[in-house]
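Please look over the sequence and the structure shown below before reading on.

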Amino acid sequence: MSAAAPNSTGAGAKKPPHILIFPYPAQGHTLPLLDLTHQLSLHNLTLTILTTPKNLSTLSPLLSTHSNIRPLIFPLPSHPSLPAGVENVKELGNTGNLPIIASLRKLYDPIIQWFRSQVNPPVALISDFFLGWTLALANEINIPRFTFYSSGAFLASVADHCWNHIDVVKNLKVVDFVDLPTTPSFNEEHLPSMFRSYDESDPDWEVVKEGSLANMSSYGCVFNSFEALEGEYLGFLKKKMGHDRVYGVGPLSLLGPDHSPRGNSGSFAHVFNWLDGCPNGSVVYVCFGSQKLMSNTQMEALATGLEMSMARFIWVVKTGSAHQRESGYGEVPDGFEDRVARRGMVVRGWAPQAKLLSHAAVGGFLSHCGWNSVLEGIASEVLILSWPMEADQFVNEKLLMDLGMAVRVCMGTDSVPDSAELGKVIGESMNGVGYEQEKRKARELKSRALGAVREGGSSLRDLKELVNELNKDHGYMN
């Protein structure tokens, strides 16, 4: 364990409130919480971010910019299902969540020991919603815990209902959420993956279950969302929790700063040069997140659909290990890139997604509907062609479909799209005349997202209220 000493001031001077930030080590979870940490750092707060050695580099942009942010580094405890050296979910995919959550739970005592050794200990904890066990930790050291949701309030509402009615929901093929706004309904296979995978006989899953139930008992909840997108669900959660400490502070990516150093965006000059030569709104951007590795059958169907569409495209492909490729995953079909070289590009590995989506030439986004991708799509005013696969993606996609700003092209983790139909939808959506109603909805929602993060907007208001709450003397909750 190592940590720089928190900022201190002269003797007798009032110290800035010290806040402990605990991200979950998955890209889609960590980056939004770091964006929130950046915002908090601008309000005279001392911030400590808990991380592990291999995840420390993710903090580099913040640490180099803000002197009031310090890392707290703990080795990731071992777990029988966690390969040696693995510290981030992106190395394992969705199945890595259970062992990583269970291993992080072993930091309970070390964190308390660290806390009690501090001259200026934290007065509040903000931790990811996958780390619900930290509520008990916060209670033990008598500080308020705020749950940070890198996802939306709709998902939080659905998941909380599932965990609170687990015996009933587990036996239903179709679940009707009659207590929620708009009374949504989901097939069993489209419920959040973490809930569907629950195994009551496994102690690790009990950590997940108890943590999930604890989230709504926290002192407050912070969402990377905004009122115009999820106002009725933010309001629903305020009523459920019995107070107004439910904050929609997103889209955090629109509040800045530009985090291009998170990847080597400089190596993408040729991609942006190519986009500069494309007509506005003519390119579809294709990406399914940092965790999902597609089967070669899915890759073949998608490649054929892109080829048949006759549309311009950028396809970001997650690269698997040699073993995964040998097992039939992640291979771009032979000859595809040569055949489409004049109108399409394949990018392997990381890409500066937000920057690419915001380019004027990009008009569509074929997406798995992970929450960060949803928000980046909204912020970029692109038509979302949806293919939800796992995790929270079915819930997120329903929100977009209900808003009328998405077009479904496929559904399911192992589903294979009809290439001809996929090509038809892509082609029509990018030819400048198709799906005008959905495109109009996308324009409207972008305008409202921008309004939320401007002075007087709902997200800036909630951010200020959160800062005010963190500045309060909670008397260690006594």
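What percentage of the 478 residues of the protein count as buried? The share is 58%, where buried means under 20% relative accessible area with a 1.4 Å probe and protein chains only. This is a predicted model, in which local features need pLDDT of at least 70 and side-chain atom pairs count only at pLDDT 80 or more, whereas totals for chains, interfaces and linings use all residues. Residues are numbered from 1 along each chain as its sequence is written, and side-chain values use heavy atoms, with hydrogens and water left out.

**Overall fold**

- The protein has 21 helices and 16 strands, which are DSSP runs numbered from the N terminus (helices H or I, at least four residues; strands E, at least two).
- Its radius of gyration, taken over C-alpha atoms, is 22 Å, close to the 23 Å that the globule rule gives for 478 residues, so the protein is as compact as a globular protein of that length; the rule is 2.2 Å times the number of residues to the power 0.38.
- Along its principal axes, the C-alpha trace spans about 70 × 50 × 45 Å.

**Second largest pocket**

- About 570 Å³ of space lies in the second largest pocket, a pocket being an open set of points on a 1 Å grid, where a 1.4 Å probe fits, with protein on both sides within 12 Å along at least five of seven lines.
- Of the 25 residues that line this pocket, Leu92, Gly93, Asn94, Thr95 and Glu390 are the closest to its centre, and lining residues have an atom within 4 Å of a point.
- Helix H3 (97–105) and helix H8 (193–196) each supply at least two residues of the lining.

Notes
Grid points are joined across faces, edges and corners, and a volume is the space filled by probe spheres set on the points. Buried means under 20% relative accessible area, exposed over 50%, partly exposed in between (1.4 Å probe, protein chains only).
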